[in-house]
Every structure is written in C-alpha cells, then in structure tokens.
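Here is a short report on one protein model.

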Amino acid sequence: MSTLITELALERVEFTCGHCWHQWSTDYDVQHYRDDDGRDCEYFSRDGTPVDSPYTPEGAPPCPECGRHWVGHLLARRLIPTPPGLRGTPRRPVADAAGHRPDRHGAPPIDARAHPQPPGRGKPGAVRPEEA
C-alpha cells in the first residue's frame, strides 16, 4: 500500500472579509495525491501544519481584523516539479545524506504570510484617502 503524489504546488490564497472588508493573503502548500483506494485527494498545509482547504468554510481562517471567517480564492499558483522531472533535468546524486547541505536543517522557515499583502479595499463605495 502506498500513496502516489501526483502534483505539488504552492498556492497564494486571497481573502476579503465580507464584514469589515479587510483583505489579506496566505501561502499554502498543496499536495494532490492518489490514495490506496485510487481516490484523488488534496492535502493542504500552512507553515508545515496540516490545515483544511482554505476554499471551504471549515478551512477558512479568521479575519485578522474582526475574527469572522471567509472562504478564500486562488490568487496565484506555482507548480513544484516532482521527481524525476523532465528528461535532461539537472540532478546530482547525494552521497552523504546526513552531511548534505547541513545548513538546510537550521534554516528559518518561510512564514505563509511573508510576502507583500494586498492593499486594503475598504467598504464598497468608500473613498480611499489617496483618491480624495
């Protein structure tokens, strides 16, 4: 019995709170895989922690401003190639797995929100200070 990963991706998901209109985005690691029963599934994680899909009410994170939950939508996506990759893709055998690039074990994690956040939109019909 084995699970077959069919796709790896990084997805940037944008949220807009329908209550206070705060807007933010978060990066999720997504694995698409086929389970032992042949079903296609997806697995989401944020900062290495398993989470429900941000595209569902169960997985919608709380608004950082008011705490309400709103389902996100896909803003951007980057596929991560799975091995063995295309023919001729550069690769190098690792002779000493324990000693290979030891700095990678102590590198700080990249936070899921460590990217520029979208500008706030404000309430519909409101005039932003820069537009006044």
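## Residue classes and conventions

Ala, Val, Leu, Ile, Met, Phe, Trp, Tyr, Cys and Pro count as nonpolar; Asp, Glu, Lys and Arg count as charged; the others, Gly among them, count as polar.

The model is predicted: local features need pLDDT of at least 70, side-chain atom pairs count only at pLDDT 80 or more, and totals for chains, interfaces and linings use all residues. Residues are numbered from 1 along each chain as its sequence is written, and side-chain values use heavy atoms, with hydrogens and water left out.

## Largest pocket

A pocket is an open set of points on a 1 Å grid over the protein atoms alone, where a 1.4 Å probe fits, with protein on both sides within 12 Å along at least five of seven lines; lining residues have an atom within 4 Å of a point. Volume is the space filled by probe spheres set on the points.

The largest pocket holds about 150 Å³. Its lining divides into 6 nonpolar, 2 polar and 2 charged residues. Among them are Leu8, Asp29, Tyr43 and Arg78. Strands are DSSP runs (E, at least two residues), numbered from the N terminus. β1 (4-16), β2 (23-34), β3 (40-46) and β5 (73-80) each supply at least two lining residues.

## Cysteines

The whole structure has 0 disulfides (cysteine sulfur pairs within 2.5 Å). For Cys17, the nearest cysteine sulfur belongs to Cys66, 3.5 Å away.

## Ser25

Ser25 sits in strand β2. Ser25 is buried, at 1% relative accessible area. Beyond four places in sequence, its contacts (heavy atoms within 4.5 Å) include Arg12, Glu14, Leu75 and His115.

Terms used:
Helix = DSSP H or I, 4+ residues; strand = E, 2+ residues; numbered from the N terminus. Buried < 20%, exposed > 50% of the residue type's maximum accessible area, 1.4 Å probe, protein only.
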